[in-house]
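Thank you all for making time this morning.

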Amino acid sequence: SSEHASPDDVRRLAAGGVTVSIGHTAAPHADIEALIAAGVTGFTHLFNGMPPLEGRNPGVVGVALAERQTWAGLILDGIHVHPVSARAAFAAKSADKLMLVSDAMATVGAKDASMSLFGERIAVSGGALRTEAGTLAGAHLDLAEATRNATTMLNATADEALRMASLSPSAFLGVGGSH
């Protein structure tokens, strides 16, 4: 399908120094595992735009949680991902492999609670950015709030929350030295 990158594509990108991440896909778990073997190291917006984890059909979410060497980004606003699902990801990935993501849109820090995205009006509703039809369209979340949410929603320590907001993303991207 057009959404699918082949293992050869991933090998070429990784060999060229590109950090490759999987997101917003319904690809089967075997395809995801092959892409990890080829050099994928992360998952974008874990749980979002992905079919749910099922016992006999692990899909993207199952592979992301099971593969300890990979990182996963999580929009921790309590809307994009239920806090119980977020806690499961935290338990599986740890603060070293889970990254807090703001997915912040132009409304964060702005006086206007709405914006235009691809010609469509997006507005803050119930703490989330939604289209007029009610579909999530980015987050009304900054990284400081995501970090605070990690302590309340995940029961993370302050050190773990800060690690997920800074050191873990740095390690994923290969910048800033080791932790």
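Before anything else, a word on angles: those under 35 degrees count as roughly parallel, those over 145 as roughly antiparallel, those from 65 to 115 as roughly perpendicular, and the rest as oblique. What you see is a predicted model, in which local features need pLDDT of at least 70 and side-chain atom pairs count only at pLDDT 80 or more, while totals for chains, interfaces and linings use all residues. Residues are numbered from 1 along each chain as its sequence is written, and side-chain values use heavy atoms, with hydrogens and water left out. Helices (H or I, at least four residues) and strands (E, at least two) are DSSP runs, numbered from the N terminus.

Let me begin with helix α1, residues 7-15, and helix α2, residues 29-38, which pack at an angle of about 30 degrees with their axes 8 Å apart; axes here are lines fitted to C-alpha atoms, for helices over the stretch in contact, and angles run from 0 to 180 degrees between N-to-C directions. The two helices, α1 and α2, are therefore roughly parallel to each other. If we ask which residues meet, they are Pro7, Val10, Arg11 and Ala14 in α1, and Ala34, Leu35 and Ala38 in α2, where contact means heavy atoms within 4.5 Å. By class, the residues of this contact of α1 with α2 are 6 nonpolar, no polar and 1 charged, taking Ala, Val, Leu, Ile, Met, Phe, Trp, Tyr, Cys and Pro as nonpolar, Asp, Glu, Lys and Arg as charged, and the others, Gly among them, as polar.

The second pair is helix α5, residues 143-153, with α6, whose axes come within 9 Å and cross at roughly 140 degrees, and that makes α5 oblique to α6. On the α5 side the contact is made by Leu143, Thr147, Ala150 and Thr151, and on the α6 side by Ala158, Ala161, Leu162, Met164 and Ala165.

Now to the sheet, which is open and has 4 strands in the order β1-β2-β3-β4, with parallel pairing; two strands pair if DSSP finds at least two bridges between them. Strands β1 (21-23) and β4 (98-101) stand at the edges with a single partner strand each, so one side of each is left without a neighbour in the sheet. Strand β3, residues 71-75, is joined to β4 by 4 bridges. Finally, helix α6, residues 158-173, lies across β1, β2 (42-44), β3 and β4, and runs at about 105 degrees to β4.
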